[in-house]
Amino acid sequence: MNTIQQMILSWGMLGKAVAFVLLAPLVGGLLSGIDRRLSARFQGRYGPPVLQPFYDVFKLFEKERIIVNKFQDFNILLFLVFTIFSGVLFFIGADLLLMIFSLALAGTFFVLGGFCVGSPYNHLGAEREIIQMAAYEPMVILTAIGMYQVTGSFKVAVIAQSQTPLILYLPGVFAGFLFILTIKLRKSPFDLSMSHHAHQEIVRGLTTEFSGPTLALIEIAHWYETVLVLGIVYLFFGFNVWLALLVTLATFIFEIFIDMNYARFRWQLTFGSSWLFTAVAGVSNIIVLGLVK
Amino acid sequence: MNALIFLILFPLFISLLALLLPKDMPGRKIIGTFANIVLCAVPIYLLFATLEQGPAYFRLESDVINIGMLVIEVLIAAWVIYYSVRSKRYLTVLLMAVQLITMVGFEFSAGHSIQVEHSLFMDKFSIIMALIIGIIGSAICLYGFGYMPEYHNHHPEVKDRRKFFAFLMYLFLSAMFGIIFSNNIMWLYFFWEITTICSFVLIGYRDDKASRDSAFRALNMNLIGGVVFSFGIVYLFISSGTMELDKLLRVDRGLALLPAVCFAFAGLAKSAQFPFSSWLTGAMVAPTPVSALLHSSTMVKAGVYLILRVAPVMENTVAAKMLTLIGGVSFIVTALIAISQSNAKRVLAYSTISNLGLIVACAGVNTEAAIWSALLLIIFHAVAKSLLFLCVGIIEYKLGSRDIEDMDFLIMRLPKLTAVMMIGMAGMFLAPFGMIISKFITLKAFVNSNPAMAIILAYGSAATVFFWTKWMGKIMSIRHGEAEVMEHKVSNWEWTTLGILAVATVAVCLAFPLMSFYVIDPYLREMFNRVPVVDTFNVLIIFIIMLGLLIILPLGLLYYAFINKDYKRVGTYLGGGNIDNITFEGAMASTQPIQLRNYYLQKYFGEERLSNIGIFVSLTLIFIMFGVAAI
């Protein structure tokens with residue numbers, strides 16, 4: 001009990017938490033800028049400056065607050081708070097499963113924000129967001145299970161410091177995770193509820209009725225989320241820091257590549273293919289590991 | 001021991017009182033309230049009085065009682081047979097007759113040689129169950145005081161048998177206390193049958209065709225369980241001469257396995273696992289207090305109670321693996337079916353079966369961590385589910401529908417009730433609340449022993465999130481303009497109950513480390529000689545989330561609701577064709593109202609297709625379970 005209290009009070013953990021809260025949006029925003037620049041290049045455009053997402057968000061904060069009802073902003077605030085909280089859990093090395101459940105809570109608030117407005121476009125976006133959540137949830141949990149099977153712990157701290165190359169034991173789980181990463185990063189072909197790129201649709205699903213500062217919060221929450229899910233990619237290669245960082249970046253670029261090359265799927269295909277791919281890649285990997293161990 | 005006997009006999013006394021006192025007697029409800037307070041208080045007293053003690057066994061001279069029970073059993077059986085012959089339900093007649101002949105024959109041929117040392121007992125598990133039955137059961141009865149008059153106003157065609165109804169409800173509670181305190185398996189069986197018959201009569205309360213069908217289905221399925229139960233008793237006595245629950249665990253595995261499997265089978269039927277799931281979904285025709293009672297604190301919990309009691313006998317056998325899988329199949333298939341349901345009560349029913357499936361699976365795994373989470377699941381589920389049922393019961397009369405699609409803008413029409421309902425729903429699937437904590441622990445328990453179950457859990461929780469979130473979104477969407485608030489028509493009896501249960505949903509989450517330390521850990525130490533190590537850091541994080549929500553949510557809601565901000569208000573976006581906020585200009589200048597509907601994905605998660613799969617798979621598993629136990 002005492003050791004745990006010391007651990008919590010120790011500056012290390014607090015420092016990490018603060019560092020995440022401050023740095024993650026910078027990294028996330030920068031990644032988003034790179035994303036836009038790179039996407040533009042893929043499409044033969046020049047693209048905005050890398051810092052454009054920050055300019056956008058600052059501008060959004062200066063805009064007038066326009067709302068449909070009183071409570072819609074509150075849900076988004078909770079979404080942001082719990083996304084940050086999940087990220088903090090991850091980066092201080094807490095329990096991976098707990099982080100997943102906390103992230104699901106954040107996602108639920110986002111969906112409820114969409115429902116609460118009572119607008120048809122938002123409603124549809126929210127319904128689709130639920131479908132997306134249901135599509136990726138099994139694979140996220142299986143990722144945690146796979147990592148537990150290899151390292152014997154659900155603690156991010158232990159998994160990150162493990163010298164075992166996780167990727168060698170969990171190739172299927174990694175493939176499955178890459179698949180649902182596309183959903184998490186809101187990339188085509190799985191950007192059903194709202195596209196990552198604002199220019200791709202006239203009415204942007206779940207965020208239709210959100211504007212100004214609230215939209216900025218959604219954007220910032222997405223930056224945190226991006227850093228968080230890329231952190232999970234890092235864990236697969238945690239045995240070598242440089243390799244891990246390289247692969248994480250490569251994964252991100254790969255996702256942009258996928259984004260550029262696909263049109264949006266229908267929700268049936270999104271849902272079905274996610275569960276199927278989870279079953280084929282993830283479940284088989286887990287079962288094989290269970291039999292071997 | 002007196003407390004145990006009191007808990008069994010007191011509800012019986014109240015039920016007789018309910019039957020005898022005239023319906024319009026002014027003090028009736030006051031007596032009932034008093035009885036409910038006593039029913040809550042005694043289990044709490046029991047908890048604190050025995051906090052430091054281990055299990056206690058009590059001897060009770062039982063010849064007279066045994067004969068009395070036999071007479072009652074025969075009388076009930078005779079009534080059931082008479083009634084089913086009259087309704088031309090010959091399967092019921094057959095099942096009841098087989099059961100009667102088995103038990104009476106057994107009593108006459110071997111009854112005198114049965115040596116029962118301890119008829120009653122009590123350990124931490126019984127106390128947990130007693131608390132659930134006492135507190136939640138009586139809360140539901142309290143709700144009934146307000147609900148039943150309204151029920152009869154809404155259904156003038158139903159014959160007013162309110163006295164009989166109250167009699168059955170309290171009789172049910174009495175029988176439940178009997179089940180959890182009986183160490184003598186014959187007694188357990190007796191109380192078990194009483195709950196079966198009570199549920200039969202309660203489900204058929206409306207006395208129309210639909211409810212009679214449902215009632216007979218419930219009866220048949222539970223009688224199948226009962227018949228197998230009685231075979232198990234006879235086999236157990238003939239092979240080992242034992243008739244006590246605690247001794248069953250010490251009997252040689254080869255002899256005890258088959259009876260244990262029989263008892264577990266009866267438990268599966270009672271807790272509506274596949275292939276028996278249809279009786280519970282059919283039971284929805286009954287008045288709401290009945291469904292709440294069946295689903296949360298009594299009937300189905302009796303099933304998992306018995307399974308958890310006999311699970312140690314099956315430890316590490318193939319039969320236990322089959323039990324785990326049956327639970328797993330019930331868990332995932334019903335969670336998927338729930339996605340396709342728009343009838344609120346059916347969604348709740350499927351979610352109940354799903355959660356019970358998880359408990360059964362935990363019993364099959366039977367490690368200290370699994371049992372630990374099973375007990376937490378029982379507690380959390382009982383509280384949150386009873387709350388949800390009672391909410392839906394009220395909504396049904398206020399809106400005139402129990403369909404989720406009719407619950408648009410519920411937060412505007414019944415704001416307080418919706419808030420309570422949100423607490424219940426959050427309790428069922430959101431992060432810091434009970435069910436998800438238990439799932440979190442269950443997942444950890446499964447990972448080590450059975451990765452296949454962990455996978456089922458991963459998919460199942462995705463389905464759970466799906467159907468709860470879309471329902472939650474439905475009730476909290478807000479429309480422009482005013483909606484009629486209908487809340488003033490809800491009686492104080494109902495409000496009191498909802499208040500108690502809503503507070504309890506939050507309180508059990510906050511108190512779970514305490515419950516674990518004082519009640520569940522001692523029980524596990526008794527069973528396994530060790531307790532699962534809980535990561536204090538994780539508990540701390542759960543608390544941070546919980547406290548965060550408890551502080552942020554009310555403050556935030558107050559801030560957003562009551563502090564007027566001069567934000568610009570606009571209507572919703574309707575493709576640019578707004579007429580006002582709820583209608584838009586359609587083709588050929590027509591006026592179209594907007595309508596918001598949820599996805600139900602019938603094509604993928606249709607009830608019929610998935611239930612058939614579930615029934616087929618689980619039947620196979622059950623046959624394997626009996627097969628391996630018999631050889």
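Between which two helices of chain A does the loop that holds A:Pro189 lie? In this predicted model, A:Pro189 is placed in the loop between helix H9 (171–184) and helix H10 (212–236) of chain A.

**Chain A**

The secondary structure of chain A consists of 12 helices and one strand, and the order along the sequence is α-α-α-β-α-α-α-α-α-α-α-α-α. The radius of gyration of chain A is 19 Å, which agrees with the value near 19 Å that a compact globule of 293 residues would have. The C-alpha trace of chain A spans about 55 × 45 × 35 Å along its principal axes. Buried residues make up 55% of the 293 residues of chain A, and of the contacts in this chain between residues at least 6 apart in sequence, 74% join residues at least 24 apart.

**The two domains of chain B**

Chain B is divided into domain 1, which covers 1–55 + 120–314, and domain 2, which covers 328–532 + 617–631. The centres of these two domains of chain B, taken over C-alpha atoms, are separated by 20 Å, and 45 residues of domain 1 are in contact with 53 residues of domain 2. On the side of domain 1 of chain B that touches domain 2, the elements that give two or more residues are helix H5 (124–154), helix H10 (253–270), helix H11 (278–282), helix H12 (288–297) and helix H13 (299–314). The largest share of that side, 15 residues, comes from H5(B), and its residues divide into 29 nonpolar, 12 polar and four charged.

**The nonpolar core**

Which residues touch the most other members of the largest nonpolar core? In this core of 323 residues, they are B:Val261 and B:Cys391. Helix H16 (residues 368–399) of chain B supplies the largest share of the core, with 22 residues, and at least three residues of the core are drawn from each of domain 1 and domain 2 of chain B. When residues up to four places away in sequence are not counted, B:Cys391 touches B:Leu417, B:Val420, B:Met421, B:Gly424 and B:Leu498. In soluble globular proteins, nonpolar side chains tend to be buried together.

Helix H3 (residues 63–86) of chain B has 24 residues, which at 1.5 Å a residue should span 34 Å, and its end C-alpha atoms are 35 Å apart, which agrees. The buried residues of H3(B) are B:Met69, B:Glu73, B:Val80 and B:Ser84, and these pack against helix H4 (90–110) and helix H7 (185–203) of chain B. An α-helix has 3.6 residues a turn, so residues three or four places apart point the same way. H3(B) is followed by B:Lys88, whose phi is positive, and B:Lys88 is found in the loop between H3 and H4 of chain B.

**Backbone features in the loops**

Is B:Ala272 buried or exposed? With 30 C-beta neighbours inside 10 Å, B:Ala272 counts as buried, whereas B:Lys88 is exposed because it has 8 other C-beta atoms within 10 Å, the limit for an exposed residue being 12 or fewer.

**Where the chains meet**

Between the chains, 45 residues of chain B are in contact with 50 residues of chain A. Helix H19 (434–449), helix H20 (451–476), helix H23 (536–562) and strand E3 (568–569) of chain B each supply at least two residues of the side of chain B that touches chain A. H20(B) gives the most to that side, with 16 residues, and the residues of the side divide into 31 nonpolar, nine polar and five charged.

Terms used: Residues numbered from 1 in each chain as written. Chains lettered and ligands numbered in written order. Predicted model: local features only at pLDDT ≥ 70, side-chain atom pairs only at ≥ 80, totals over all residues. Helix = DSSP H or I, 4+ residues; strand = E, 2+ residues; numbered from the N terminus. Rg over C-alpha atoms; globule rule 2.2 N^0.38 Å. Buried ≥ 20, exposed ≤ 12 C-beta atoms within 10 Å, placed from the backbone. Contact = placed C-beta atoms within 7 Å. Domains from an automatic or database assignment. Nonpolar A, V, L, I, M, F, W, Y, C, P; charged D, E, K, R; others polar. Core = buried A, V, L, I, M, F, W, Y, C linked by C-beta atoms within 7 Å. Expected span 1.5 Å × (residues − 1).
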